[in-house]
Amino acid sequence: MVSSIQVEDLYKVFGRRADEAVSVLLREGGSVDAAVPGTTAAVVDVSFDVRSGEIFVVMGLSGSGKSTLLRMLNGILPVTHGRVYLDDVELTAMSARQIRDMRKRHMSMVFQHFALFPHRTVLQNAAYGLQVQGKSKQERLERAQESLSLVGLDGWENRLPEQLSGGMQQRVGLARALAADTDVLLMDEAFSALDPLIRREMQDQLLTLQQQLGKTIVFITHDLNEAMRLGDRIAVMRRGRIVQIGTAEAILTAPADDYVSEFVRDVDRARVLTARSVMDKPLHAVPSSASPEEALRMMHHQHVPTVLVVDEKGAPVGAVREPDATESVRQGHSTVAAAQRPVTRVQGDTAVSELFSAASGPAPLAVVDERGVLIGVVHQSALLAALGEVEHAPDRAGPEEGR
Amino acid sequence: MRAVPAVTDWEVPRIPLGERFSELVGWLQDNLGEFFDAISEGLDSAVTSLAGLLTWAPTWVMILVFALLALWLRGWKFGLAALVGFALLDGLDSFGSAMQTLSLVLLAGVVAVIVAVPLGVLGARSDTASRVIKPVMDFLQTVPQFIYLIPAVIFFGIGVGPGVVATVMFALAPGVRLTELGIRQVDREMVEAGEAFGSSPARILTGIQIPLAMPSIMAGVNQIIMLSLSMVVIAGMVGTPGLGADVFEATTRLQLGAGFEYGVSVVILAIYLDRITASLSAKSAVSRARRLAGAA
């Protein structure tokens with residue numbers, strides 16, 4: 001069981017009269033600027049839980065306090081007010097020695113500018129955490145070697161960081177954190193200094209690694225696309241406060257305020273929205289035992305050109321189009337089986353971007369859950385609408401979109 | 001109307017700073033005299049034995065040793081230059097004095113480094129300490145060199161003792177400053193990386209900050225050595241042996257030729273020491289790692 005993190009009423013104020021500023025903020029709430037002159041509030045009234053084994057992304061522009069927040073989670077920066085718990089142990093009450101011990105055993109960190117030690121080889125860098133933990137030389141070199149392999153850096157052990165490209169350097173940074181074998185990983189803008197192609201590659205690698213390792217990850221970024229790609233849940237920060245916490249889809253489809261909706265305007269919706277969030281409820285499906293007349297009646301009733309056919313378990317087995325059904329009636333078939341055509345099935349969590357290639361031909365896509373039961377349909381027009389305004393995307397069961 | 005001349009006549013009363021200072025020095029001398037004597041004797045015997053060591057072998061052997069050291073640290077050109085330079089010292093009959101001066105510089109330099117580096121580390125770790133140390137260093141660096149000699153003579157008599165002590169005081173400042181600067185310039189993220197993996201402050205200092213600050217610290221050592229040389233020559237005025245005493249003698253007797261020869265000897269020693277210590281600063285942790293990685 002990997003650790004979870006709880007953060008309660010966290011404040012970080014810089015300046016000589018920081019405590020005073022916090023008490024003003026606590027008493028009166030309100031604006032940060034108005035608190036006490038000469039103080040800067042970096043983190044204000046922040047509470048959240050990071051669940052065991054999830055990637056929790058904190059997203060915000062520079063100056064929003066996200067890096068400060070991260071540094072309070074492992075105690076590199078002392079908190080001005082509030083509490084941080086790792087599982088049920090309060091980190092904010094620990095002595096300096098205890099907190100160093102906690103970092104050795106439970107938390108490691110990946111830095112924006114890699115922070116590799118230039119006077120140590122790649123292998124020695126990766127072994128740093130283990131060295132601090134007091135592991136024997138043989139053990140730490142073995143485990144550092146393993147984690148370098150994990151990030152694909154076999155053969156680079158004896159190079160120096162400066163001999164590596166940026167992407168490779170950050171892999172060393174990741175390997176150093178992984179080798180320490182802590183169950184919490186703090187990542188501070190870890191991929192922000194990399195160029196876009198490498199960044200994407202690193203994101204993929206992190207997701208793959210996470211599937212194997214299942215660590216609790218707190219990931220800081222200013223890049224919304226990155227946040228949506230990586231985050232199981234995302235906290236959006238603005239001027240020290242968290243304005244919304246939710247899944248990528250929740251933030252995209254139901255932004256908490258104007259700031260968030262402004263923010264999500266440019267996001268690549270096709271990669272974030274899933275079939276489940278753009279599908280129509282399956283109002284137009286008939287059992288495979290139904291007659292062609294029933295199928296036609298449903299089409300007319302619902303104003304759709306096509307209905308899906310489901311078996312007795314509710315799994316989609318085909319689709320019937322209006323001309324075929326009419327033809328079937330003329331020929332006097334008793335069930336729709338003769339008229340049905342094959343239908344493409346997609347899982348509910350398939351990204352919209354992948355639906356485009358799946359949706360060939362005029363037939364709608366059948367969206368199924370894990371057990372294969374029909375839960376909705378996606379018409380091509382709904383796909384296009386999903387890429388447009390937020391309001392059009394979710395649960396739009398519009399028969400007028402049928403053609 | 002009568003108040004006006006009163007204002008213009010007013011002046012700051014005489015402040016007896018000098019008297020107070022000599023009182024303080026006198027008090028220290030009365031109460032800690034034996035302590036200062038012991039230091040003076042210790043320094044004297046240290047310099048004497050070091051100089052004895054440097055002149056124990058035949059001069060041509062020592063010239064070769066200096067040349068080989070130069071060759072090893074900087075290559076054949078500097079090795080050859082050192083060979084010529086030290087041969088010239090011998091030709092000017094100042095090799096013995098130069099070795100005495102070198103002993104003084106080494107001893108004062110080592111003591112200054114031992115004092116300066118920890119002070120620099122302290123200044124880098126604590127802003128309060130830095131605020132105290134900085135003006136003291138400013139003071140030590142800007143007081144005219146000769147002024148150091150007066151209390152040094154009072155405390156340590158004449159000879160090696162006052163020379164070394166005055167030299168240490170005068171040469172300290174750049175070592176402290178460059179150590180503090182070097183450590184403060186280590187990337188904040190690098191230090192955070194140490195912290196994030198649970199390193200203790202001592203481990204971060206010795207494993208990350210000092211190795212990465214090494215080029216700056218070694219530049220400080222270079223400055224300490226150069227200032228030591230300059231002060232050791234001045235200390236010839238208070239009977240500190242070596243090239244300084246020779247220069248001082250030539251000056252008081254207005255011996256133009258001898259003065260020129262001793263001047264050239266000081267320059268040769270200065271260039272040699274500067275190049276040698278400068279090449280040490282190139283041997284930083286990163287460059288050593290670079291060489292090792294290149295070899296692998």
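Axes here are lines fitted to C-alpha atoms, for helices over the stretch in contact, and the angles between them run from 0 to 180 degrees between N-to-C directions. With that in hand, we can walk through this predicted model, starting with the helices of chain B.

Two packed helices are described by the angle between their axes and the distance between the axes. The table sets out two such pairs.

| Helix pair | Axes come within | Crossing angle |
|---|---|---|
| α2 (17-54) and α8 (160-184), chain B | 8 Å | roughly 95° |
| α5 (95-125) and α11 (243-252), chain B | 7 Å | roughly 120° |

Angles from 65 to 115 degrees count as roughly perpendicular, and α2(B) and α8(B) are therefore roughly perpendicular to each other. On the α2(B) side, the contact is made by B:Ile39, B:Ser40, B:Leu43, B:Asp44 and B:Val47, while α8(B) brings B:Val160, B:Gly161 and B:Val164. Sorted by class, this contact of α2(B) with α8(B) has 5 nonpolar, 2 polar and 1 charged residues.

The class count for the contact of α5(B) with α11(B) is 2 nonpolar, 3 polar and 1 charged residues.

What does UniProt place at residues 98-277 of chain B? The unreviewed entry gives the feature "domain: ABC transmembrane type-1" there. In the model, residues 98-277 of chain B are 87% helix and 0% strand, with the end C-alpha atoms 17 Å apart.

**Where chain B meets chain A**

The contact between the chains takes 19 residues from chain B and 23 residues from chain A. On the chain B side, α9 (188-196), α10 (201-234) and α13 (285-295) each supply at least two residues. Which of these helices gives the most to the side of chain B that touches chain A? That is α9(B), with 6 residues. By class, the side of chain B that touches chain A has 12 nonpolar, 3 polar and 4 charged residues.

**Strands of chain A**

Chain A has an open sheet of 6 strands with mixed pairing, in the order β6-β7-β8-β3-β9-β10. Its edge strands are β6 (107-110) and β10 (241-246) of chain A, each pairing on one side only. On average, and ignoring direction, neighbouring strands of this sheet are turned by 20° against each other. Within the sheet, strands β3 (residues 55-59) and β8 (residues 216-221) of chain A run parallel and are joined by 5 bridges. Along this pairing, A:Val58 stands opposite A:Ile220 in β8(A).

Further along chain A, strands β14 (residues 345-347) and β15 (residues 365-368) pair in the parallel sense over 3 bridges. A:Val346 has A:Val367 of β15(A) as its bridge partner. β15(A) also pairs with β16 (residues 374-378) of chain A, in the antiparallel sense over 4 bridges, and A:Leu365 has A:Val378 of β16(A) as its bridge partner. How many residues lie between β15(A) and β16(A) in their hairpin? There are 5 residues between them, and A:Gly372 in the turn has a positive phi of about 90°.

Conventions:
Residues numbered from 1 in each chain as written. Chains lettered and ligands numbered in written order. Predicted model: local features only at pLDDT ≥ 70, side-chain atom pairs only at ≥ 80, totals over all residues. Pairing = 2+ DSSP bridges. UniProt positions renumbered as here; feature names shortened; annotations may be inferred. Nonpolar A, V, L, I, M, F, W, Y, C, P; charged D, E, K, R; others polar. Contact = placed C-beta atoms within 7 Å. Parallel < 35°, antiparallel > 145°, perpendicular 65-115°, else oblique.
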